[in-house]
Amino acid sequence: MNRWTSRWRTLLGLLFTAVMLFPVYWMVNVSLTRDHDMRRQPPTVFPVDPTFDGYRVVLKQQLPNLGTSLLIGLGTVALTIVLAAPAGYALAKLQPRGGGFLGFVLVAAQMIPGIIMAMGFYAIYLNLGLLNAWPGLILADSTIAVPFAVLVFTAFMSGIPDDLLQAACTDGAGPLRTFWSIVLPISRNAIVTVSLFAFLWAWSDFVFASTLDSGGPVRPITLGIYQYIGNNNQQWNAIMATAVVASIPAAVMLVVAQRYVTAGVTTGAIKD
């Protein structure tokens, strides 16, 4: 009975995995399909006469947009870590006044619709001259990542034994030195978790990009894909090829950082 149960579970797992991954396969399939074969009925499950024209378009037109998204993603990660790590440490170990209320505010901040925040940023950036500029997008994307990052750091750093921090103080380390030399190295899993989510949010952002960077010379890859979509545009292989290329960095990061993310979300720094 156990053997058959195990086999059925394996088959069901494979079936569900195939269903979830089918859109990804179809994206790759369409990216290799020629324009005159797009409307073939029934559609071809495999590209009979594959073409790489869509990928040539990506290399010709979308490389600057990919570079912009990479810059915005890495900038968002850096700004999120700089702001969230000290805040999480303060909430977890320094016990400031109003810490509980601040935690509630951080949770509530994640419930604000992105379009409302985008309109607020638009009004502010219009006066500051930050429209159509990558620093403005980094700052906007960080507002989504920082509340989540502070909560993750707070939960993770709460598991650091107080004895370890007291030992550092006994050796003459101040709060800043303790945070830099003790807390941050121990919080590696939390840092990787926060970095991954912050990068993915910035990489896939469309609301902020379309509101704060519409029509500007600096375009992230989400706007690069969007420029192919129109009533008179039939470049579906270019659209899907761009989507495939844009998915590669996120997929690689998810695979590489999977075990760190699991540890960062579900455990503390040190187990008793």
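**View 1. V77, a buried residue in helix α2.** At 14% relative accessibility, V77 counts as buried (buried means under 20% relative accessible area, exposed over 50%, and partly exposed in between, with a 1.4 Å probe and protein chains only). You'll find V77 in helix α2; helices here are DSSP runs (H or I, at least four residues; strands are E, at least two), numbered from the N terminus. Leaving out residues up to four places away in sequence, V77 touches S195, A198 and F199, where contact means heavy atoms within 4.5 Å. V77 and I115 are 38 residues apart in sequence, and their C-alpha atoms sit 21 Å apart in space.

A quick word on the model: it's a predicted one, so local features need pLDDT of at least 70 and side-chain atom pairs count only at pLDDT 80 or more, while totals for chains, interfaces and linings use all residues. Residues are numbered from 1 along each chain as its sequence is written, and side-chain values use heavy atoms, with hydrogens and water left out.

**View 2. The largest nonpolar core.** This core has 38 residues, and F153, M157, F179 and V183 make the most contacts inside it. (A nonpolar core is a set of buried Ala, Val, Leu, Ile, Met, Phe, Trp, Tyr and Cys residues joined through side-chain atoms within 4.5 Å.) Several helices supply at least two residues each, including α5 (134-157) and α7 (175-186), but α2 gives the most, with nine. Look at V183: not counting residues up to four places away in sequence, V183 touches Y89, M157, I160, L165 and T178. There's also a second, separate core of 12 residues, with L131, I138, A202 and L212 among them.

View 3. The 15 residues of α4 (residues 114-128) should span 21 Å at 1.5 Å a residue, and the end C-alpha atoms are 20 Å apart, which agrees (the expected span is 1.5 Å times one less than the number of residues). M117, A118, F121 and Y125 of α4 are buried. They cover an arc of only 100° around the axis, so they lie on the same side of α4; that arc is taken from the directions from the helix axis to the C-beta atoms. On the other side of α4, I116, L126 and N127 are exposed. The buried residues of α4 pack against α5 and α9 (207-212).
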